[in-house]
Structures are given as structure tokens and as C-alpha cells.
Amino acid sequence: MARREENLVGTPRWAHAYDVLCEVCREEGAAILTGVQIVLAGGDARQLEVIRQLTEKDASLTIVGFDRLDTPFSGAAKGDWSPELLTEADALVLPAVGTDDEGVIPTLFTDQELKLTDAHAAALPKASKVITGMAKPYLRKLCEKHRIELIELFERDDVAIYNSIPTAEGALMMAIQNTDITIHGSNCIVLGLGRTGFTMARTLQALGAKVKVGVRRDEMFARAFEMGFEPFHMSDLARQAGNIDLIFNTIPTMIVTAQVIAQLPQRACIIDLASKPGGTDFRFAEKRGIKALLAPGLPGIVAPKTAGRIIANSLTQILLGDNRLRGNQP
Ligand code: NAP
């Protein structure tokens, strides 16, 4: 405690209290994953934060696909990708997009190809979990076949809402880079008022943009009105497009059609945030000379550390819940 009291000199009281609280949390939470066997395979800079948190919480962690990384991770062992590696695992942690359509796990820090095969899935204990951001059909089918629980973190509301923060910031960055006007005072449309749309619309509004919001449900129309946006029904989109500088689409279906694009002024820019292939007729936009950009994976691009923390926090909660069920934690 002596060190803490010394720190009090010139430090506001609340800062000291916060500091103590953080330390208590760190001490209490330090070993909460003791005994949990995790294999983490592949991924980008986001997984570095996940590795950091898992080792901090004392998980028995084996990492694969990080051999090009110079920084050593204390507390994590490096492994070779083989079915044998998975026989004792409580969880296999895969990157944001688990595998491609052939089972290849995306990697940034190795030249080696990591492929999740039938033999790997068969080797996993039946009580284990595969945890990823989102799964393609290949991974879903493999887990179904071997009756392994698959957890897709990006489907969770909390994760999607946290992720909407770096997504909106990344979309703003793209808007600034691709226009010659300020966001303040610009005429914007946000399509969809879900977890990403809400944050996007609110962020634009906070910067002083005039924000119209396209919705399909009456209750969302009312909510958008209450929040000070200018709501319209999606069926009215083409009519609303006349004097627009920026469209931010969050609806994962063809919505910014040729009919809509035909109404947009030449200066307009479309930023499509919906998952691939987006909801814009990109071919027609190009033909009309209107900028239309598909912007997938923004959290990992603009804020990998924050995005990694979001994944790591959620992952830890899930694993901690399991560990409690096993009776290893109070
Ligand atoms: P969400 O909460 O489910 O919101 C989707 C919105 O789209 C809802 O408002 C929904 O309306 C509306 N919608 C869906 N189908 C529609 C249709 N046929 N017509 C009209 N409206 C429709 O999803 P989210 O978490 O916001 O994510 C939205 C998209 O962004 C997803 O494709 C997601 O993968 C993607 N995403 C991209 C990034 C990135 O970096 N680019 C980051 C995060 C998420 P209702 O409420 O009426 O159903």
C-alpha cells in the first residue's frame, strides 16, 4: 500500500480510487481461466489482443500460425497444426472469419497454410467448442457433422453493438477521404436502423450532418423520429435520394438499386457497410460515375486493438461461464 500512497501526491482522489479498483479487478480476474485448454489458430492483429488477454487470465494456451511474429508471448506455447494438437482442447479459437469455403484458416503471421480438415474436427473432444467471429457454411457443416458446439461471436448483440463503434468511425474516415465537403452540414442517408445503423446515424448527427434514416418497420420509424433523424420508409428510397451527399448502407440485401442510384446527384458517395456482396448495384454506380465503396471488416482495419479487445472480452466471458460450470471457479 505504501507505493499507492506515494502515488496519491498530486493525483485526484477519483483517479486513485479507479486505480485501486482496476488493480483489485486484475488480481481477482487474473487466474480465472486456470486449467482451460485453448488452441488459437490463425488470425490478424486482433488475435494478438485475444492472446494477451487469455494468457493474462492464465488459460493454457497453444497458438498456431504466429511464427513470423518476432514478439514472444509469455504464457503461450507455439504448436504445430495437426489433429493431435486438438485432442485435449476445451476450445478452438479461430479468427474473425473462421475459415474460407475450403476450410483454410486466414493467417497474417505465417506463410504456412492452416486448413481445418475433417480429421481436425474429429480430434476435438465432444464437449469442446469452436469459437469464431462468423462462420462460413464449411465450418458450420464440419461442426454439425462432429457435433461440436460452434459459437459465432459477431452474432451476439453485445459484440455487434461494441463493433458498431469502430465500424462507424471507419465509415466516417472513408466518407471524409471520398468527399470534398465536411460531414457537418452534409445530407446523409443511413439505411437500416439496426446495431450498426443506429451508431452510424447517431455519429453523423453528432457531427452536425442532416441525417435521413431508411427503415421498414413503423416502430423504427417512430424511434428514428424520436431521436431527431428524418425517417422514411424504404419503399420511398428512390424519392429521398435527390439531394444526398452520402449514403451509408447497413442492409445486407440489394437495396441501393439502379433506380435509386439514377436519382442520386453526381457528387454522391455510397459507403456500403453490409456484409459481402453488400446491398448496392456497384456495376450501375460505376456506369453512372458515382463513387460506391464496399467496406467490409472495418473494425479490424481501423482499430485492430479495440476490435481484438471486443472479441477477447466476449470470448473470456464464454470460457469463464464454462469453467464455472465445470466447478473450477466460484
Ligand atoms: P442488424 O442489427 O441486424 O441490422 C440490420 C438492419 O437491416 C435492420 O435495421 C433491419 O431491419 C434491416 N433490414 C434487413 N433486411 C432488410 C430488408 N430486406 N429491407 C429493409 N431493411 C432490412 O445488423 P447489424 O449488426 O447492424 O449489421 C448490419 C450489416 O453490417 C451486416 O451485414 C453486418 O455483417 C455488417 N457489418 C459490417 C461491418 C463492417 O465493417 N463493414 C461491421 C459490422 C457489421 P429490421 O430491424 O426491420 O429487421
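**Figure 1. Pairing of strands β9 and β10 in the predicted model.** L191 stands opposite G214, a residue of β10. Strand β9 covers residues 187-191 and runs parallel to β10, and 5 bridges join the two. Of the 6 residues of β10 (residues 210-215), 5 are buried, so the strand is largely enclosed by the rest of the structure. In a regular strand, side chains alternate between the two faces of the sheet. The protein as a whole comes to 13 helices and 14 strands. Among its 330 residues, 39% count as buried. For contacts between residues at least 6 apart in sequence, 58% join residues at least 24 apart.

**Figure 2. The shell around the ligand.** The ligand is surrounded by 25 residues, and the closest are G192, G194, T196, S275 and L298. By residue class, the shell divides into 12 nonpolar, 10 polar and 3 charged. Helices α6 (157-177), α7 (195-206) and α12 (298-302) each supply at least two residues of this shell.

**Figure 3. Helix α6 and its bend.** At S164 the helix bends by about 30 degrees, and a proline, P166, follows within four residues. The end C-alpha atoms of α6 are 30 Å apart, which agrees with the 30 Å that its 21 residues should span at 1.5 Å a residue. Both S164 and P166 belong to the buried residues of α6. Also buried in α6 are Y162, N163, T167, A168, G170, A171, L172 and A175. Helix α6 is one of the elements that supply at least two residues to the shell around the ligand.

**Figure 4. The surroundings of G98.** G98 lies in the loop between β4 (91-93) and β5 (104-105). This residue counts as buried because it has 29 C-beta neighbours inside 10 Å, where 20 or more are required. Leaving aside neighbours within four places in sequence, G98 is in contact with T132, A135, K136 and L139. G43 is 55 residues from G98 in sequence, while the two C-alpha atoms are 8.7 Å apart in space.

Figure 5. With 23 other C-beta atoms within 10 Å, A274 is buried. Its contacts, leaving aside neighbours within four places in sequence, are N249, T250, I251, P252 and G279. A274 and T196 are 78 residues apart in sequence, with a C-alpha to C-alpha distance of 9.3 Å. T196 is listed among the closest residues to the ligand.

**Figure 6. Positive phi at D58 and R147.** D58 is found in the loop between α3 (45-56) and β2 (60-64). Its phi is near 70 degrees, a positive value in a residue other than glycine. With 16 other C-beta atoms within 10 Å, D58 is partly exposed. R147 is placed in the loop between α5 (137-145) and β8 (149-152). Phi of R147 is near 55 degrees, again a positive value in a residue other than glycine. R147 has 9 other C-beta atoms within 10 Å and is therefore exposed.

Definitions and conventions
Residues are numbered from 1 along each chain as its sequence is written. This is a predicted model: local features need pLDDT of at least 70, side-chain atom pairs count only at pLDDT 80 or more; totals for chains, interfaces and linings use all residues. A residue is near a molecule or strand if its C-beta atom, placed from the backbone, lies within 6 Å of it. Ala, Val, Leu, Ile, Met, Phe, Trp, Tyr, Cys and Pro count as nonpolar, Asp, Glu, Lys and Arg as charged, and the others, Gly among them, as polar. The expected span of a helix is 1.5 Å times one less than its number of residues. The bend at a residue is the angle between axes fitted to the seven residues ending there and the seven starting there. A residue is buried if 20 or more other C-beta atoms lie within 10 Å of its own, exposed if 12 or fewer, and partly exposed in between; C-beta atoms are placed from the backbone. Two residues are in contact if their C-beta atoms, placed from the backbone, lie within 7 Å. Two strands pair if DSSP finds at least two bridges between them.
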